Structures are given as C-alpha cells and as structure tokens.
Amino acid sequence: MTPTDGYDDTRSTFDENAFRDALAEFGGTESERRVVARQARDLVDSGQAADDRGASLTVDEIVRNLRDAPRGTPATRWNWWLGALEAAYGGYHEFQVRRIPKA
C-alpha cells in the first residue's frame, strides 16, 4: 500500500511511549515528559529531521542527543537540541516546548 500522506513507513516507527519513559533519565514531571514526547512525535511525523539528516529519528538517537545537553530537565534538553538543529538546518522552532501544563 502506498501512503497517501507523502511519508514512507520508516517515519512511523517512533515509539512515543518508550521515548516518554526514557525521558525519566532526565527528571522532570510526568506532564513535562508527556509534552516533550508529543513534540518529538510531531517532529518525527513531519519528516523534517529525516529529510535534513538523511535518517529517521529513533528513541535512542534522540536520547543520545539529549544527553549532550549541559544539564536540565527533559524540556530544557529538548529545546537545547532543537536549537542545534535550528542552527544547522533551520525550521525547528515550531517543535520547541513553550508551555508545560500543570499536572
């Protein structure tokens, strides 16, 4: 079956729940981890990172990049990494975490 949304099947292999669980390594609240995981899902679904980098994003790949951040909770690390992607490729601002709802 040919996808009608223009994306191939490799972009749908990201496990949002596994990513949210992996974010516990960086602390933060459950609400914060949920928001970061949702932004990651949106980024993967957009196909932008795969197009820019030439490879689909995986849970392990994102967590490895978040570990490179100097410090912080999941949202701080996520925004730090997106800043690096923004500097390298542009167009990642929309995936930043701007607000975390109170639990």
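Here is a short chat about the helices and salt bridges of this predicted model.

User: How much of the chain is buried?

Analyst: Buried residues are 37% of the 103 in the chain. The accessible surface is about 6,000 Å², and carbon and sulfur atoms own 47% of that.

User: And the contacts, what share comes from residues 24 or more positions apart?

Analyst: Taking contacts with a separation of 6 or more, 63% are between residues 24 or more positions apart.

User: OK, helix packing. At what angle do H2 and H5 pack?

Analyst: About 25°, with the axes of H2 (residues 30-46) and H5 (residues 74-88) 9 Å apart. Angles under 35 degrees count as roughly parallel, so that's what H2 and H5 are to each other.

User: Which residues meet there?

Analyst: On the H2 side you've got Glu32, Arg33, Val36, Gln39, Ala40 and Leu43. They meet Pro74, Ala75, Thr76, Trp78, Trp81 and Leu82 of H5. By class, this contact has eight nonpolar, two polar and two charged residues.

User: Switching to salt bridges. How many does the count come to?

Analyst: Eight salt bridges. One of them pairs Arg67 with Glu25, with 2.8 Å between the closest N and O atoms. That pair links distant parts of the chain, 42 residues apart: Arg67 is in helix H4 (residues 59-67), while Glu25 is in the loop between H1 (16-22) and H2.

User: Is Glu25 buried, exposed or partly exposed, and why?

Analyst: Glu25 has 45% relative accessibility, so it counts as partly exposed.

User: What about Asp42, which residue does it form a salt bridge with?

Analyst: Arg38, at 3.0 Å between the closest N and O atoms. Asp42 and Arg38 are four residues apart in helix H2, so about one helical turn separates them. Asp42 is partly exposed with a relative accessible area of 25%, and Arg38 is partly exposed too, at 46%.

User: Which residues are linked in a network with them?

Analyst: Glu16 joins in: Glu16, Arg41 and Asp45 are linked in a network of salt bridges.

Conventions: Residues numbered from 1 in each chain as written. Predicted model: local features only at pLDDT ≥ 70, side-chain atom pairs only at ≥ 80, totals over all residues. Heavy atoms only, no water. Axes fitted to C-alpha atoms, helices over the stretch in contact; angles between N-to-C directions. Helix = DSSP H or I, 4+ residues; strand = E, 2+ residues; numbered from the N terminus. Parallel < 35°, antiparallel > 145°, perpendicular 65-115°, else oblique. Contact = heavy atoms within 4.5 Å. Nonpolar A, V, L, I, M, F, W, Y, C, P; charged D, E, K, R; others polar. Buried < 20%, exposed > 50% of the residue type's maximum accessible area, 1.4 Å probe, protein only. Areas by Shrake-Rupley, 256 points an atom, 1.4 Å probe, with all protein chains shown as cover. Salt bridge = Lys/Arg side-chain N within 4 Å of Asp/Glu carboxyl O.
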